[in-house]
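Hi,

Here is the structure I promised to pass on. Have a look at it first, and then read my notes below.

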Amino acid sequence: MTTAGIVTPGVLSLKVGDLVEVRSAEEIATTLDENGELAGLPFMPEMMAFCGRRLTVHKVAHKSCDNIARTGMRRMADAVHLTESRCGGSAHGGCENACSLYWKEQWLKRVDPDDPMAVTPDAGHRALLPLLVRRAQKETFEDGEPRYSCQATEMLRATPELLPRKDLGQYREDLTSGNADVLAVVRSVLVTLFDRYQDLSRRFLPRFLQFRGGLHWGFLQGRVTSGRTPTEHLDLRPGELVRIKSREEILATLDANLLNRGMGFEAEMSRFCGRTARVKARAHRCVDERTGRMLTMQNPCIILEDIVCEGAFRANCPREFICWWREIWLERVGPEPPRD
């Protein structure tokens with residue numbers, strides 16, 4: 001596969017709810033360059049299992065928040081997120097981030113529910129998979145640890161254009177694509193305007209004239225001013241019911257950078273305070289988007305069912321990151337289950 005040989009099927013202008021079929025590995029291979037990428041976005045080994053499957057569009061991925069350089073929102077072209085389509089991490093050291101996969105529209109085709117399912121030849125998988133596996137890692141770190149490459153680590157190349165919050169076209173596309181309703185878009189615009197005002201107030205106004213100290217919407221401020229942040233071990237297990245503690249209780253565990261033992265708590269997560277949810281998994285391994293290094297948590301974090309970042313305070317970003325929770329931010333609901 002070479003860049004000169006790339007075949008680019010027409011874009012589909014997909015919207016939320018559209019039914020699509022993931023093309024065969026042979027068809028997808030014709031769209032990829034020698035690095036197994038299309039427009040800087042890798043097609044990863046974990047995505048091969050979806051070839052030939054039919055899924056609906058969950059969100060149109062026309063933009064993405066930047067967690068690498070913290071530049072804000074960035075523009076993505078001709079890509080979507082599909083239902084029940086998250087990375088399992090099998091080719092990336094067992095990473096447990098479960099990122100929502102990006103699918104270029106060139107890797108998909110529209111289908112009618114009554115159309116017969118396509119048969120995906122095994123030969124296409126055998127030809128493409130070795131390249132994708134090789135490209136899932138880059139040159140190792142000096143200490144010999146693997147350096148992983150995935151859609152998240154390559155996001156700056158896949159989204160080379162900044163998308164200013166003042167670009168009103170993005171909010172129109174949120175509506176027309178089905179990503180968000182009018183209320184969500186209005187809220188997003190108002191939060192953006194408020195945060196901009198707060199930034200300016202911190203720069204130009206004395207502190208006594210600032211509103212809530214110039215904090216962004218959500219008004220999060222860690223309360224731990226010295227020493228290590230506290231920890232708690234509940235030994236929570238999948239299936240247990242927990243309640244997310246109050247905002248004030250969680251802020252009491254965070255330092256000035258809103259970190260607890262290095263794990264961040266964000267305004268998006270504060271929206272779930274007080275909610276009851278079931279434990280989905282205990283997680284302790286994730287790939288650092290900025291470096292590609294595998295991070296291992298000394299104290300496993302908790303992933304809760306149906307709790308994801310909804311982008312409410314992030315211009316309706318459609319990535320829907322899985323939220324990681326420290327056990328000290330949760331409380332068990334009901335008695336502790338018996339041990340095996």
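A cut-off before anything else: a residue counts as buried when its relative accessible area is under 20%. Keep in mind, too, that this is a predicted model.

With that cut-off in hand, let's start with Leu38. Is Leu38 buried or exposed? Its relative accessible area is 9%, which is under the 20% limit, so Leu38 is buried. You'll find Leu38 in strand β2, which covers residues 37-38. Which residues does Leu38 touch, once you skip its neighbours within four places in sequence? They are Thr31, Leu32, Lys104, Gln106 and Trp107. Take Trp107 from that list: 69 residues separate Leu38 and Trp107 in sequence, yet in space their C-alpha atoms are 9.6 Å apart.

Next, the strands. Strand β1 (residues 19-22) has two partners worth looking up. One is strand β4 (residues 54-60), with antiparallel pairing over 3 bridges; there, Glu21 stands opposite Arg54. The other is strand β9 (residues 108-110), where the pairing is again antiparallel and has 3 bridges. In that pair, Val22 sits opposite Leu108.

There is also an open sheet of 3 strands, with antiparallel pairing and the order β5-β6-β12. Which strands are at its edges? Those are β5 (63-65) and β12 (161-162), each of which pairs on one side only. Between β5 and strand β6 (residues 73-75) there are 3 bridges, in the antiparallel sense. If you want a place to start there, find Cys65, whose bridge partner in β6 is Met73.

Last, a pair of helices. Two packed helices are described by the angle between their axes and the distance between those axes. For helix α4 (residues 169-177) and helix α5 (residues 182-204), the angle is about 160° and the axes are 9 Å apart. Angles over 145 degrees count as roughly antiparallel, so that is how α4 runs relative to α5. The crossing of α4 past α5 is right-handed.

Which residues meet there? From α4 come Tyr171, Asp174 and Leu175, and from α5 come Val182, Val185, Ser188, Val189 and Thr192. Sorted by class, this contact has 5 nonpolar, 2 polar and 1 charged residues.

That's what I have for now.

Cheers

Methods: Residues are numbered from 1 along each chain as its sequence is written. This is a predicted model: local features need pLDDT of at least 70, side-chain atom pairs count only at pLDDT 80 or more; totals for chains, interfaces and linings use all residues. Side-chain values use heavy atoms; hydrogens and water are left out. Helices (H or I, at least four residues) and strands (E, at least two) are DSSP runs, numbered from the N terminus. Buried means under 20% relative accessible area, exposed over 50%, partly exposed in between (1.4 Å probe, protein chains only). Contact means heavy atoms within 4.5 Å. Axes are lines fitted to C-alpha atoms, for helices over the stretch in contact, and angles run from 0 to 180 degrees between N-to-C directions. Angles under 35 degrees count as roughly parallel, over 145 as roughly antiparallel, 65 to 115 as roughly perpendicular and the rest as oblique. A crossing is left-handed if the near helix is turned anticlockwise from the far one by less than a right angle, and right-handed if clockwise. Ala, Val, Leu, Ile, Met, Phe, Trp, Tyr, Cys and Pro count as nonpolar, Asp, Glu, Lys and Arg as charged, and the others, Gly among them, as polar. Two strands pair if DSSP finds at least two bridges between them.
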